[in-house]
Protein chains: 2
Amino acid sequence: MLIVQKYGGSSVASLGLMRRIVKRVLETLRNGHRVVVVVSAMGDETDALVDLARRANKNPSPRELDVLLSTGEQKSIALLAMLLQARGQPAISLVGGQAGIITDNQYGRALIRAIDTTRIRRELERGNVVVVAGFQGVTENNEITTLGRGGSDLTAVALSAALPADLCEIYTDVEGVYQADPAIVEGARKIDKISYDEMLELASSGAQVMQARSIEFAHRYNVRLHVRASHGLTQGTIITSEEKCMEQVIYRGIASQKEEAKFSVLNVPDVPGIAARIFGALADRGISVDLIIQSAARNGRNDITFTVSENDFQATREVLSQVAPSLGADGYTYDRDIAKISVVGAGMRNHPGVAATMFQALADQDINIELISTSETRISCVVREDRAEDAVRAIHEAFEAKGWSQPLPPPASA
Amino acid sequence: MLIVQKYGGSSVASLGLMRRIVKRVLETLRNGHRVVVVVSAMGDETDALVDLARRANKNPSPRELDVLLSTGEQKSIALLAMLLQARGQPAISLVGGQAGIITDNQYGRALIRAIDTTRIRRELERGNVVVVAGFQGVTENNEITTLGRGGSDLTAVALSAALPADLCEIYTDVEGVYQADPAIVEGARKIDKISYDEMLELASSGAQVMQARSIEFAHRYNVRLHVRASHGLTQGTIITSEEKCMEQVIYRGIASQKEEAKFSVLNVPDVPGIAARIFGALADRGISVDLIIQSAARNGRNDITFTVSENDFQATREVLSQVAPSLGADGYTYDRDIAKISVVGAGMRNHPGVAATMFQALADQDINIELISTSETRISCVVREDRAEDAVRAIHEAFEAKGWSQPLPPPASA
């Protein structure tokens with residue numbers, strides 16, 4: 001098999017930790033596979049570089065920031081190649097451009113346009129382990145770009161799709177994807193297999209393991225993912241397409257997200273085009289909106305409520321201060337002390353009683369629900385931030401008590 | 001004017017020091033010039049990276065080492081561009097490949113093959129200060145290379161030749177080129193103007209200001225150099241072609257070099273081809289030989305003595321252990337405790353009494369001369385290493401006493 005292995009910053013934080021990666025790569029080779037390794041910058045080097053940049057310039061140019069940040073992964077790949085070579089294993093490092101990763105020119109959050117795998121495939125044929133710098137690419141004009149948060153995962157997934165690889169292993173400091181954060185919910189179990197859709201909902205809902213963007217990419221190109229611990233040999237979580245996911249369950253997992261802020265635009269005229277103007281103005285500023293709820297109209301007016309990431313709090317205020325008056329709204333309110341709790345499961349929508357059980361579990365804990373939003377495979381509630389962990393525990397326990405995390409009976413006998 | 005300014009590692013060791021560079025660049029722009037800046041890695045970052053590499057692999061692959069080391073300059077250029085931008089000055093950073101610096105594939109000591117200045121010129125036309133990473137380039141196959149010791153100077157000189165620039169300023173932590181190391185010779189004066197030939201001899205003789213390679217390059221392409229201090233505003237030393245060097249003097253400066261080792265191959269048959277075999281074998285190992293002295297033959301045999309850099313000591317022993325027996329020599333001897341003292345001046349060779357004065361000055365100090373070698377613009381003596389500083393002082397004082405560092409009378413009245 002051709003396997004792409006991705007190791008994050010905490011797995012390459014020192015030469016000693018990198019030697020563990022070398023050991024694992026050599027083991028994979030001994031099992032008859034070929035390996036492409038994607039690595040992040042060492043430890044918190046990226047944060048240190050960002051900090052240096054901000055000390056140089058409060059508002060550093062995104063282009064220059066990418067020139068700076070891309071050095072982090074470049075260091076990692078050279079050192080890992082040297083370590084492999086020190087063990088007698090032919091290896092070669094490739095920066096983003098050399099690996100054929102072509103992006104657009106949105107510095108700091110570039111989108112992959114194309115991958116030319118000629119060079120990687122040639123190096124593999126020569127018997128090399130190919131060590132690729134994650135998180136980075138070049139534009140068609142040879143400008144250095146970075147892919148933004150979760151960029152190294154994306155590099156690994158995109159290379160897996162382009163080569164194509166038989167498997168993409170995401171090595172991390174946890175053992176896989178869990179039903180719920182084990183730090184909050186005692187007894188939360190590791191998920192052995194999960195569909196792209198479910199994983200996507202979990203990731204979008206605050207599970208930290210992988211960014212939604214990489215999962216979407218894997219789904220689109222049907223890249224088989226294995227999220228597993230960089231230490232030890234235990235199986236992690238396989239993320240794959242639904243058909244192959246044998247054990248379909250109602251309740252796959254639960255996640256909470258505290259880094260959200262809620263805004264309500266008050267008493268907006270209930271006429272066409274209002275939502276488009278609000279969310280168009282937010283999109284123009286590059287602000288991603290999470291939940292959107294529009295209340296039923298009363299007297300030809302209604303409230304539009306939505307949540308955004310805390311990072312976008314200030315920018316959202318600026319946009320609304322401009323937009324709200326021009327809509328004839330009665331201004332807007334905001335609330336930063338909220339948390340979004342999301343339960344995810346492929347069978348959730350069509351199974352009776354799921355939402356009711358969730359709401360009852362919260363009611364039993366005296367937790368007030370401020371917003372509700374549902375999708376095909378997810379139900380989310382917004383609650384007070386200081387009740388988030390109580391909410392997660394209560395819902396998880398209620399769903400477990402119903403046996404909803406057990407596989408459904410096979411369709412034939414349904 | 002178009003000015004290329006090169007700042008070494010000690011001038012960019014911190015953001016604070018880089019801000020001084022920004023100030024100087026802005027001043028240069030205010031004076032109506034356009035500026036290309038070439039920078040080294042911050043402080044001792046290159047040494048730190050080399051150290052990291054050696055901990056990863058005792059014998060790191062030169063290709064991977066270049067991938068690693070090139071990150072040092074890449075960090076510097078991004079930060080300097082950000083600092084310029086913070087002052088409202090449009091600026092753009094370019095890594096070696098983006099700056100059009102194409103090299104051969106001798107990793108770690110690549111030779112510049114060509115420079116395509118299209119991009120730099122376009123950025124200048126856009127009003128940018130162009131900040132180029134020194135010390136690095138790419139091969140035609142887009143492999144990252146470094147230029148070896150003194151590589152950032154070479155980048156600056158080569159860019160100056162290719163653009164072409166009107167002036168290449170080399171900023172350093174000394175005020176210019178001195179007659180002698182002021183730490184050894186009290187009252188040694190800064191040289192205002194020096195010819196390429198003289199500077200080359202001084203550099204090859206141990207003066208630390210610039211590497212011989214960059215001066216040769218500047219000479220070949222007639223790049224006007226100004227070596228000056230990165231702090232303060234005093235004029236430094238102009239290095240230019242002889243015709244323009246008004247004040248020709250007999251004695252320009254003196255330098256000493258302790259990092260040398262002397263080898264003698266003993267009792268070699270005095271037949272054609274012997275020297276070629278010895279020095280051919282050394283060249284095959286990449287060893288540069290400095291002085292070569294062949295004694296007059298006695299009984300059809302002679303001794304061949306030469307000096308090499310201390311770095312090449314071990315390799316030279318290995319070569320001679322193989323070659324000396326095959327030549328029918330009586331083995332070889334070596335001596336690591338030597339120093340080479342060189343006096344440099346364009347008028348030296350044709351002026352009577354220069355060598356005699358030098359030898360007398362050494363004799364007065366009871367310093368024994370072990371080897372003598374002369375060139376068009378240089379006389380070198382090898383002495384005991386522990387007498388090197390006494391020798392430098394004695395010779396400098398003797399030459400000053402003769403008034404030889406004063407300009408010669410103009411040719412017309414000669």
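Copies are superposed by least squares on the C-alpha atoms of residues with pLDDT of at least 70 in both. The model described here is predicted. Chain A can be laid on chain B by a turn of 179° and a shift of 0.0 Å along the axis, with an RMSD of 0.2 Å. That is how a two-fold axis relates two copies.

**Symmetry**
- Look for Thr71(A) beside the rotation axis: of the residues of chain A, Thr71(A) comes closest to this axis.
- The C-alpha of Thr71(A) is at 2.7 Å from the axis.

**Where the chains meet**
- In chain A, 25 residues are in contact with 25 residues of chain B.
- Two helices, α2 (45-56) and α3 (62-86) of chain A, each supply at least two residues of the side that touches chain B.
- The largest share of that side, 14 residues, comes from α3(A).
- By type, the residues of this side of chain A divide into 14 nonpolar, 8 polar and 3 charged.
- The copies meet through the same surface, because 100% of the interface residues of chain A are also interface residues in chain B.

**Nonpolar core**
- The largest nonpolar core has 215 residues.
- Leu80(A) and Leu80(B) have the most contacts inside this core.
- Leaving aside residues up to four places away in sequence, Leu80(B) touches Val12(B), Met18(B), Ile21(B), Val37(B), Val39(B) and Val131(B).

**Domains of chain A**
- Chain A is divided into domain 1, residues 2-173, and domain 2, residues 254-401.
- The centres of domain 1 and domain 2 of chain A, taken over C-alpha atoms, are separated by 36 Å.

Note on methods
Residues numbered from 1 in each chain as written. Chains lettered and ligands numbered in written order. Predicted model: local features only at pLDDT ≥ 70, side-chain atom pairs only at ≥ 80, totals over all residues. Contact = placed C-beta atoms within 7 Å. Helix = DSSP H or I, 4+ residues; strand = E, 2+ residues; numbered from the N terminus. Nonpolar A, V, L, I, M, F, W, Y, C, P; charged D, E, K, R; others polar. Core = buried A, V, L, I, M, F, W, Y, C linked by C-beta atoms within 7 Å. Buried ≥ 20, exposed ≤ 12 C-beta atoms within 10 Å, placed from the backbone. Domains from an automatic or database assignment.
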